[in-house]
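Let's take a look at a protein together. Have the sequence and the structure open as you read.

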Amino acid sequence: MRLYHTSPNEISKINEAGRFGSFLFFSGHVYAMAAGDFVTYGLDIDDDSIIEAGQLFYHDDAEKLRALVAELAALMDIDESTAEALIEESQSVYDLDGINMEDAADLSWDVQHFTARAAALLGFRGVAVSDEQGTAYLIDMLGRENELVRA
C-alpha cells in the first residue's frame with residue numbers, strides 16, 4: 001500500500017515527544033493541513049501491518065489492551081466501556097456529556113494516539129482511523145526515517 005504524509009518542514013528524525021509520539025498521520029492521497037509550503041513523503045507499507053480501529057478489540061490478544069483502556073478512562077474520568085468505544089471509534093468524544101466543545105478536538109487527538117498505541121500493543125505498525133478527510137493511518141515511524149521518500 002502506498003501512503004502519503006505531508007509536513008510543513010522536512011523530517012530528519014522521528015522522536016516520541018509530540019502529541020502522537022512516534023506515530024505520523026498518512027493518507028491514501030496527498031492532502032495538506034498546513035497553510036503554505038509543505039513537504040510530501042511517500043511510504044510503501046504492507047497492508048497486513050495495519051489494523052482498523054474497529055477491529056482492535058476483536059483481535060485474539062485484545063486482553064493486552066486492558067491497561068491502556070484503564071489509562072484512558074482515568075485520564076478522561078469515564079468508564080472503561082466508554083474508553084474502549086472511543087479507542088475503537090464506535091463513539092466520539094463529541095458524543096460525550098460534560099465535554100467542553102473547546103476541548104473536544106484536543107481530546108479526539110489524544111484518543112487517536114491511544115488508538116495507535118493499542119495497535120502497537122497488538123503487534124501492528126499502524127492503525128486505520130477516521131478523520132475529517134476520510135480514512136487516515138497512524139504509522140509508527142520511530143527509527144524508520146529512511147522509509148520516508150519525498151514524493
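Predicted model: local features only at pLDDT ≥ 70, side-chain atom pairs only at ≥ 80, totals over all residues.

Residues are numbered from 1 along each chain as its sequence is written, and side-chain values use heavy atoms, with hydrogens and water left out.

Q: How are α1 and α2 set to each other?
A: Helices here are DSSP runs of H or I with at least four residues, strands are runs of E with at least two, and both are numbered from the N terminus. The axes, lines fitted to C-alpha atoms over the stretch in contact, come within 8 Å for α1 (residues 66-76) and α2 and cross at roughly 105 degrees. Angles run from 0 to 180 degrees between N-to-C directions, and 65 to 115 counts as roughly perpendicular. So α1 and α2 are roughly perpendicular.

Q: How are α1 and α3 set to each other?
A: Their axes come within 10 Å and cross at roughly 165 degrees. Angles over 145 count as roughly antiparallel. That's why α1 and α3 are roughly antiparallel.

Q: Which residues in α3 does α1 meet?
A: Contact means heavy atoms within 4.5 Å. From α1, Leu68, Glu71, Leu72, Leu75 and Met76 take part, and their partners in α3 are Leu107, Val111, Phe114, Arg117, Ala118 and Leu121.

Q: How many nonpolar residues does the contact of α1 with α3 have?
A: Ala, Val, Leu, Ile, Met, Phe, Trp, Tyr, Cys and Pro count as nonpolar, Asp, Glu, Lys and Arg as charged, and the others, Gly among them, as polar. By that sorting, the α1 contact with α3 has two charged residues, no polar ones and nine nonpolar.

Q: Which residues in α2 does α1 meet?
A: On the α1 side you'll find Arg66, Val69, Ala70, Leu72, Ala73 and Met76. Across from them in α2 sit Glu80, Ala83, Glu84, Leu86 and Ile87.

Terms used
Parallel < 35°, antiparallel > 145°, perpendicular 65-115°, else oblique.
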